[in-house]
Amino acid sequence: MHDLNDIRDRFPGVGGDWARFDGPAGTQVVDVAIDASAAWQRSGNNANSHGSFAAAAACDDLVETVSATMGELLGAEPDSMVFGPSTTANMMALTRAIGRGLGPGDEIVCTTLDHDSNVAPWLLLARDTGATVRMAELDPDTGRLAAESVIDLVGPATRWVAVTGSSNAVGAIPDVAAVTAAAHRAGARVVVDGVHLTPHRGVDVAAIGCDVFTTSSYKWYGPHAGIMCVEPGLLEELDAYKVRPAPESGPGRLQYGTPSWEALAGVDAAARFLLETGMDVIAAHEAIRFARLLDGLHGIEAVRVVGPADTADRAPTLMFEVEGLAPLTVAERLAAAGVAVWDGHNYAVEAMAPLGLDSEAGAVRAGVSLYTTDDEVDHLLDAVGHIAGSG
Ligand SMILES: Cc1ncc(COP(=O)(O)O)c(C=O)c1O
């Protein structure tokens, strides 16, 4: 196995006075991605696509390169890659196009484990078309989403199933391949929200079999961008909302305006970095830090870890509460101790009630990233122990 102990040096934004456990909301950027974005902007290639001069050809080449790299990272066709500003924006574009073919009697299955970017666009679609959204429930006892709870809601009226690849709140990884197979047997299409899965696991979209897979590169050490992989046949079928000169076929149908070339250059470099480091190596490295974090929190009496109690089928992300203290207070006290965490629902709006949490206050969320060290985990645990002890 690679030794990743020096990997931290690849992240100029990491270190100093802060232990960063806020990776699930966005990681620090890897050196090669920073350099690639800057190099693009210095290159003179900033132009637009399909022109007759060299810089325009360089823009086309960049799209081809980053599409191929994303295809390699996700195990998907390069010509399925739609580039947008964020996954939320991509989902709004996708669902708006899907909506033109939906009506009363059609059903969409969403889940309570999902980030709202894979729920709200479907609810809006249902409002506008008369279709119905059915919610698959996560198991409050385990904090996990059983494939059966989704599959049980799939029937002849189901047109779309929208399910997370991994919870951005508690890390749980549902069996999306099983969900996809069942949905396809029923004639439904599947969107997998891969935003929280991609930084932590090797992804193989072809093996999952889903029709759409979304990811955001700022969660995996790259710049802010959303990449949506749409099965090429579906891409052609969708009745996209688009400006008239935009392409009639291919990813350009769902891309709104000129992409951020500098971001695409960084996306390519960040994806290459993941491929070169190896997703299995990354997962194994993170698992050690995460087990230390989870065990340590379980050992603090006044702490309740929310969601799954173990590390199986799970990204290295958890939520916890400290008895008698609001999550915001805990986050503020941790910040005073140099530990960066998020509190609240973290946009996993539907998950809060089943997890036994207040819908707004939520809980404290801590995530392990590739650059997290054992010392930082111990720092967090000491600080939480102190906060819990002082009430
Ligand atoms: C699981 C998950 N899905 C979707 C999103 C939305 O991504 P974006 O900010 O690119 O819209 C996030 C962001 O936190 C997320 O964690």
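**Close-up views of a predicted model**

**View 1. Helix H9, residues 261–277.** Of the 17 residues of H9, 14 are buried, so the helix is largely enclosed by the rest of the structure. Buried means that 20 or more other C-beta atoms lie within 10 Å of the residue's own; exposed means 12 or fewer, partly exposed in between, with C-beta atoms placed from the backbone. Helices (H or I, at least four residues) and strands (E, at least two) are DSSP runs, numbered from the N terminus. The model is predicted: local features need pLDDT of at least 70, and side-chain atom pairs count only at pLDDT 80 or more, while totals for chains, interfaces and linings use all residues. Numbering starts from 1 along each chain as its sequence is written. The end C-alpha atoms of H9 are 24 Å apart, which agrees with the 24 Å its 17 residues should span at 1.5 Å a residue. The expected span is 1.5 Å times one less than the number of residues. Gly-278 follows H9, with a positive phi near 95 degrees.

**View 2. The largest nonpolar core.** This core has 117 residues. A nonpolar core is a set of buried Ala, Val, Leu, Ile, Met, Phe, Trp, Tyr and Cys residues joined through C-beta atoms within 7 Å. Val-161, Cys-229 and Ala-270 have the most contacts inside the core. H9 gives the largest share, 10 residues. Ala-270 touches Val-30, Ala-33, Ser-217, Trp-220, Tyr-221 and Gly-222, leaving out residues up to four places away in sequence. Contact means C-beta atoms, placed from the backbone, within 7 Å.

**View 3. Helix H2, residues 54–74.** H2 has 21 residues and reaches 30 Å from first C-alpha to last, close to the 30 Å expected. Its buried residues include Cys-59, Leu-62, Val-66 and Met-70. Seen down the axis, the buried residues of H2 fall within an arc of 165 degrees, so they line one face. The arc is that of the directions from the helix axis to the C-beta atoms. Ala-54, Asp-61 and Glu-64 are exposed on the face turned away from the buried side. The buried residues of H2 pack against several elements, including strand E7 (212–216) and H9. After H2 comes Gly-75, with a positive phi near 65 degrees.

**View 4. Thr-258, in the loop between helix H8 (232–237) and H9.** With 11 C-beta neighbours inside 10 Å, Thr-258 counts as exposed. The C-alpha atoms of Thr-258 and Ile-282 are separated by 33 Å. The two residues are 24 residues apart along the chain.

Methods:
Contact = placed C-beta atoms within 7 Å.
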